[in-house]
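This briefing covers one protein chain and is arranged by topic. Please read it alongside the sequence and the structure shown here.

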Amino acid sequence: MKISNINAVLIWKQLEDDLSPRLCLNVTERVVYSHLLRHSRLEGRLRLRFSIVWLQRGARLSAAPARQAVRRLVAKGALRLVERTRAGHVVEVRLPGEIRAPQPPEIAGSGLSRQQRAADIEEMDFLQAKARRAAIHTRDRGLCFYCLCRLTARARCLDHVVPLARMGRNSYRNLVSCCVECNTQKGETAAEDFLRSLYRVGRLTAVELTARFCALEALAAGKLRPALRSEDAKDQRHHGPSRSLLRECTS
């Protein structure tokens, strides 16, 4: 099936400004999605047949990361798996504007309007409650927000992107999951400067540095919202945000 009238510049902007932060794409997922998009929709084809060997060679990846990235992109709706055989995969590559991020089920069934949910989460303190701290770690997918190393439950903490000493808040927009080393080294350094220091010592590549800057912008813009527990949603539905916050502070 041939597809025409593709605006490559618009697609690139949508990928950088909207899709990557909305789906929380990591560097490998971005590389794989871009490579598949390049050889399908940008060449006028809706479907693409490929092998993992072809993908890993073209995207300069090892087999396991390439295969895992394809699976995650299918789960996130960026790809639709049509067929998978020993000979390879057949997928439909969706453009950024065709992909919808899945809505967390506990929020979807809460009975709150979109405006109410947005207002409630903006007022929440994500540092004081254990479940909300866990939601931040879950949002960041077990990776240090800064150096992208894999975290364990015993070796992780939350960091204020804007330090408390500089009037940073306990908002989901200002809290990230990170390793103890990055938390200690960053201190009151601006997040952008700290990321540059990680790049200078070789802990981040140029591509990862760019992706981290995009993630910082998405975080500040409120695009990286953690999923709320059903208990939080229920409390908002019956009491509203002010009573929820009062209960949080007095517990």
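Leucine 36 belongs to helix 2, helices being DSSP runs of H or I with at least four residues and strands DSSP runs of E with at least two, numbered from the N terminus. The model is a predicted one, in which local features need pLDDT of at least 70 and side-chain atom pairs count only at pLDDT 80 or more, while totals for chains, interfaces and linings use all residues. Residues are numbered from 1 along each chain as its sequence is written, and side-chain values use heavy atoms, with hydrogens and water left out.

- Leucine 36 is buried, at a relative accessible area of 0%; buried means under 20%, exposed over 50% and partly exposed in between, with a 1.4 Å probe and protein chains only.
- Beyond its neighbours within four places in sequence, leucine 36 is in contact with Leu48, Phe50, Trp54, Leu55, Leu79 and Val93, where contact means heavy atoms within 4.5 Å.
- Leucine 36 and leucine 55 stand 19 residues apart in sequence, and their C-alpha atoms are 8.2 Å apart.
- The largest nonpolar core has 25 residues, and those touching the most other members are Val32, Tyr33, Leu36, Phe50 and Leu55. Such a core is a set of buried Ala, Val, Leu, Ile, Met, Phe, Trp, Tyr and Cys residues joined through side-chain atoms within 4.5 Å.
- Two or more residues of this core come from each of helix 1, helix 2, strand 1, helix 3 (52–59), helix 4 and strand 3 (88–93).
- Apart from this core lies another, of 22 residues, including Cys157, Leu198, Leu204 and Leu219.
- Valine 32, when neighbours within four places in sequence are set aside, is in contact with Leu55, Leu61, Ala69, Val70 and Leu73.
- In soluble globular proteins, nonpolar side chains tend to be buried together.

**From helix 2 to strand 1**

- Serine 40 sits in the loop between helix 2 (27–38) and strand 1 (47–50), and serine 40 is buried, with a relative accessible area of 0%.
- Arginine 47 is placed in strand 1 and is partly exposed, with a relative accessible area of 43%.
- The contacts of arginine 47, leaving out neighbours within four places in sequence, are Arg80, Val82, Val90, Val91 and Glu92.
- Arginine 47 and leucine 37 are 10 residues apart along the chain, with 9.9 Å between their C-alpha atoms.

**Positive phi angles**

- Arginine 60, in the loop between helix 3 and helix 4, has a phi near 60 degrees, a positive value in a residue other than glycine.
- Arginine 60 is exposed, with a relative accessible area of 69%.
- Arginine 141 also has a positive phi, of about 60 degrees, although it is not a glycine, and lies in the loop between helix 7 (130–139) and strand 4 (157–160).
- Arginine 141 counts as partly exposed, at 33% relative accessibility.

**Cavity and pocket**

- One cavity of 30 Å³ or more is found in a search of the whole structure. On a 1 Å grid over the protein atoms alone, a cavity is a set of points where a 1.4 Å probe fits but cannot get out, a pocket is an open set with protein on both sides within 12 Å along at least five of seven lines, and lining residues have an atom within 4 Å of a point.
- The largest cavity holds about 280 Å³ of space, a volume being the space filled by probe spheres set on grid points joined across faces, edges and corners.
- This cavity is lined by 19 residues, of which Cys24, Leu25, Arg141, Arg212 and Ala215 are the closest to its centre.
- Helix 1 (8–23), helix 2 and helix 10 (206–220) each give two or more residues to the lining of the largest cavity, and helix 10 supplies the largest share, four residues.
- The lining of the largest cavity divides into 12 nonpolar, two polar and five charged residues; Ala, Val, Leu, Ile, Met, Phe, Trp, Tyr, Cys and Pro count as nonpolar, Asp, Glu, Lys and Arg as charged, and the others, Gly among them, as polar.
- The second largest pocket has a volume of about 270 Å³, and among its 13 lining residues Asn26, Thr28, Arg72, Leu143 and Arg150 are the closest to its centre.
- Helix 2 and helix 4 (63–75) are the elements that give two or more residues to the lining of the second largest pocket.

**Whole chain**

- The protein has 11 helices and five strands, and 43% of its 251 residues are buried.
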